[in-house]
Amino acid sequence: MNPSVVTPESTSAGLAPLEQEVRRHLNFTLGHHDQNASRNYLYRALAIAVRDRLVAQWSETQARVEASDQRRVFYLSLEFLIGRSLTNAVENLELADAAKAALRDYGLTLEEIVEEEQDAGLGNGGLGRLAACFLDSCANLELPVVGYGIRYEYGMFHQRIESGRQVEEPDHWLRDGNPWELERPEHQRRVRFYGRSELYYDAQGVHHSRWVDTQDVLAVPYDMPIPGYRNQTVNTLRLWKSCATDAFDLEEFNAGGYAEAVAAKNLAEQISMVLYPNDASENGKELRLKQQYFLVSASLQDVIAQWVLKNGKDLSRFGEQNCFQLNDTHPACAVPELMRLLMDEHGLSWDQAWQVTTRCMAYTNHTLLPEALERWSVSLFSRLLPRLTEIIYEINRRFLLQIEEQWPGDEEKRQQMSIIEEGDHPHIRMAYLAIVGSFSVNGVAQLHTELLKSGLFSNFNQLWPKKFNNKTNGVTQRRWLSHCNPGLRDLLTETIGAQWETDLGHIKALLPFADNPEFRERWRQIKLANKRRLARYVEEETGVVFPEEAVFDVQVKRIHEYKRQLLNVLHAVHLYDRICRGLTEGMVPRCILIGGKAAPGYHVAKLIVKLINNVAHVINSDPHANDLLKVVFLPNYRVSAMEVICPGTELSEQISTAGKEASGTGNMKFMMNGALTIGTLDGANIEIREKAGKDNFFLFGLDAQQVQQTRTSYDPNQIITEDPDIRRVMELLESARFNANEPGVFDILIGGLRNPADQWLTIADFRSFIDAQRRVNDTYKDQQVWNRMSIINTATSGYFSSDRTIGQYASEIWNVRSVTRD
């Protein structure tokens, strides 16, 4: 028998059948009897019963890793957008039938109970969802990887639309607790802030530094299980909650200072209260930096404590045996913090500490936007983290000596590459700090990595060419195909076997079936069922009815100018203009769905949300457009919503300005589920087009090189004047057709479109976008052709599994192997 194959019975040793365990937890753990059990309590009872089955495997996995001499990896990320845990655990433990049977006595289905689980508010966009996919793949591949993050009490926000505008409401996802987590107070760590750094001499007369007079908070860990797919491996996601060292000042309370008595508690708990506080204010910036340092300090202390417990105080091999993967620049404080811990707490010299640090730090960059590379003012950083500031300045001093050796007398190079950006208000460049302190720097798509090497980090690539590498992103097919699209899953397994669930490369065996008419019809019927499900969801959330015969045209992602939701809505206005003028011959009905959240302080992005909603209202209210065009902004986009959206999507909008999107992962999820992509040559779109074939991808727009060339002489007003289609769209916007009662509300957006300095080049790509959308329209008329293209997209998606990505991280960066059972 293959030791990696697990049966449902083997996962529940020592436990009663799931049905009995659910009843026991409902009655005794939660204190509720059958006759008055609510759905929420049934969800919690089932979740705890399933978690119990994970715990034995969890302990066994940890014992396996401890017994091995394998290098261990720690994935540091401010976000882990894991979505719901129940369905993932049930599928991975092969408990679906048992769970359904357990709920049958209560007259409920598993699908109904799943809806009781809140999406975990631990992330916002692609960065967090990627981290969640990576943890899934690490467990699937049985790699010794632990995720470290923050246990946010509130997610980013719950998005509601009021009068077309985004309204942010608290997302208190932990209101009813989290049955998947286990608190580990015995592993709490103390994290320091403020204070000062002082010099002292030890008994041998050796000079040292120490951080004193600090204001400390406690980091209390909560562990969540990350199960592999039916392989008895359960890895760990450790999340830190911030707490006061003294929760209550009794003397202050007795003196009548009730608010002051709990002030320290409230101040400490702010750190893990909200994902991404608005950093428009100085207090917001300080809180965000606190979060970043809190994560890395608690996590590094935790790993070192585990090392000392197992290996003693000798840290000379620590760099060989441990690796920290920094998920973007947010955890870049890990470089100076590890130096501090090694020198100040464990007595290593600078050279010893630097050798250890640079052997175990690896940095993933996720952005090509210079403004998104974090910079912290030295004044804020030195006040909050004075000892780290000293260390960073010393790292920079030594680094500048390297630059001088490489480029003697080149002051411009020194200024360009210095970690400290000098000036009247000096700043610390966190990306540069991460590069200097890491042995590996990777981009997340071929184009992204090449642009990092030739543009953003070109000087560093000249200095350390072997340090830079590419790891194209991927997504887990178990959640983003098998779980969210059961109809397609069953068809795939019936047709080519089930190996694709653990090795998506096997999905290429589907290719010959693209030319099979019977198979194409079955494929079409599954897509139709998924479209009906999505249409029901849209109607429930917005009241708008999507006709199933229309092409479902979807763009769901964070709202940002470079992602160009604005270009999408301009195309909707163009289609509406054609309908109003009676130019509808050959026009295929289309339903445009846009979803995503705008950052609370990002005014332009929130205006784009407003424009989408206003345009949608006018179009959906016009009976002339009713049969041909619907537009919807779907509020509160999240992981569980994507699980419905993804299978029902037919056209995937990946339309960012070329050279701006690092990779994207939504494009991969849609491809796996048979959606066709309309997109620019940006991010992973390039690789998707290469794998699917250029005839199965709707390409438009300037490429990255053409974008740079166009900026030198860009004249959007000339384009508008000379192109009647674009001119009519702009006239509709400027005539207040979509804001009759709110004059001038969209002037900023209109002005941006007409501005020659518009870095997103929306008007430059608009004509090409219209033409590509007409090709979509014409192709969709022939469903045999469309379904063949759809099948080919799914069949060629194997490269975009996160299992492949993580396999490359493991072999090419981390140098780790699977820790399998004997």
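Trainee: Which residue of β16 is the bridge partner of Ala362?
Mentor: The partner of Ala362 is Ser440. Please keep in mind that this is a predicted model.
Trainee: How many bridges join strand β12 to β16, then?
Mentor: Three bridges join β12, residues 361–364, to β16, and these strands run parallel.
Trainee: And what about β17, in which sense does that strand pair with β16?
Mentor: The sense is parallel, over three bridges, with β17 covering residues 468–470. Within this pairing, Val441 has Phe468 as its bridge partner.
Trainee: Are the faces of β16 buried or exposed?
Mentor: Both faces are covered. Ser440 and Asn442 are buried on one side, and Val441 and Gly443 are buried on the other.
Trainee: Changing topic: at what angle do helices α23 and α30 pack?
Mentor: The angle is about 100°, and the axes are 9 Å apart. The helix α23 is therefore roughly perpendicular to α30, since angles of 65 to 115 degrees count as such.
Trainee: Which residues make that contact?
Mentor: From α23 they are Leu570, Val573, His574 and Asp577, while α30 supplies Asp725, Arg728, Val729, Leu732 and Leu733. By class, five are nonpolar, one is polar and three are charged.
Trainee: Now the whole chain: how many helices and strands are there?
Mentor: The chain has 34 helices and 23 strands. Its radius of gyration is 27 Å, close to the 28 Å given by the globule rule for 822 residues, so the chain is as compact as a globular protein of that length.
Trainee: What share of the residues counts as buried?
Mentor: Of the 822 residues, 60% count as buried.

Technical notes
Residues numbered from 1 in each chain as written. Predicted model: local features only at pLDDT ≥ 70, side-chain atom pairs only at ≥ 80, totals over all residues. Heavy atoms only, no water. Buried < 20%, exposed > 50% of the residue type's maximum accessible area, 1.4 Å probe, protein only. Helix = DSSP H or I, 4+ residues; strand = E, 2+ residues; numbered from the N terminus. Pairing = 2+ DSSP bridges. Axes fitted to C-alpha atoms, helices over the stretch in contact; angles between N-to-C directions. Parallel < 35°, antiparallel > 145°, perpendicular 65-115°, else oblique. Contact = heavy atoms within 4.5 Å. Nonpolar A, V, L, I, M, F, W, Y, C, P; charged D, E, K, R; others polar. Rg over C-alpha atoms; globule rule 2.2 N^0.38 Å.
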